Amino acid sequence: MANKKHGGNVTAIVRKIAEPLAEELGLRIWDVRFVKEGAEHYLRIFIDKDEGVSIDDCVDMTHAIDGPLDEADPISVSYTLEVSSPGAERPLTRDEHFEQFLGAPVMVKLIRPLDGQREWKGTLEDYDNGNITLKTEEKSFVFNKKEASYVKLDDFDSYAG
């Protein structure tokens, strides 16, 4: 078991397994995370679809991926599998997330303050190669996504994406 992959490699392997299964179910993989919380490990698969995710979608995806995950065996430790929706205030982490939600209201928390402020709300005006343009009521400014603790949708119900 010494050759097992951890962290980012695990998520890439799981995403590769999950994407075709999700597609067969009419779903998209929003994100995959493998995290340790306390003594427990969690494999979290976030699914999405245009009409919104139901509990049945989560159950169907769990059933679909359970066998292939056991067969591939990419994780060397005991873990809990969780399949869920990314939620209304979903984090934007991948390039395709930012591109999908151009024009949407977002919340941003910067690692270091800008103009004395770390938390901002505005409209995702542009995204180019990791550079995010946020338009607030007062101004527009550009920062790299590496400078943010998070960027997430603000009030998903008001934006139909």
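Trainee: Why is Glu82 called partly exposed?

Mentor: This is a predicted model. In it, Glu82 has a relative accessible area of 30%. Buried requires a value under 20% and exposed a value over 50%, so Glu82, at 30%, is classed as partly exposed.

Trainee: What makes the contact of Glu82 with Arg44 a salt bridge?

Mentor: The side chains of Glu82 and Arg44 meet at 2.5 Å, N to O. The limit is 4 Å between a side-chain nitrogen of Lys or Arg and a carboxyl oxygen of Asp or Glu, so the pair qualifies as a salt bridge.

Trainee: Why is this pair said to tie together parts that are apart in sequence?

Mentor: Glu82 belongs to strand β3 (residues 80-84), whereas Arg44 belongs to strand β2 (residues 40-48). The parts so tied together are 38 residues apart in sequence.

Trainee: Is Arg44 buried or exposed, and how do you know?

Mentor: The relative accessibility of Arg44 is 18%. The cut-off for buried is under 20%, and therefore Arg44 counts as buried.

Trainee: What makes Asp154 and Lys121 a salt bridge?

Mentor: Their side chains meet at 3.8 Å, N to O. That value is within 4 Å, so the pair of Asp154 and Lys121 meets the criterion.

Trainee: Where in the chain do these two partners lie?

Mentor: Asp154 lies in the segment after β8 (148-153) and Lys121 in strand β5 (residues 117-128). The pair links distant parts of the chain, 33 residues apart.

Trainee: Why are Asp31 and Arg33 listed as a salt bridge?

Mentor: Their side chains meet at 3.1 Å, N to O, and this is within 4 Å, so Asp31 and Arg33 form a salt bridge. Asp31 is buried, because its relative accessible area of 10% is under 20%.

Trainee: Which residues touch Arg15, and why is Arg15 called buried?

Mentor: Arg15 is placed in helix α1 (residues 8-24). Not counting residues up to four places away in sequence, Arg15 touches Ile29, Trp30, Asp31, Val32 and Arg94. Its relative accessibility is 9%, which is under 20%, so Arg15 counts as buried.

Trainee: How many salt bridges does a search of the whole structure find?

Mentor: The search finds twelve salt bridges.

Terms used. Residues numbered from 1 in each chain as written. Predicted model: local features only at pLDDT ≥ 70, side-chain atom pairs only at ≥ 80, totals over all residues. Heavy atoms only, no water. Buried < 20%, exposed > 50% of the residue type's maximum accessible area, 1.4 Å probe, protein only. Helix = DSSP H or I, 4+ residues; strand = E, 2+ residues; numbered from the N terminus. Contact = heavy atoms within 4.5 Å.
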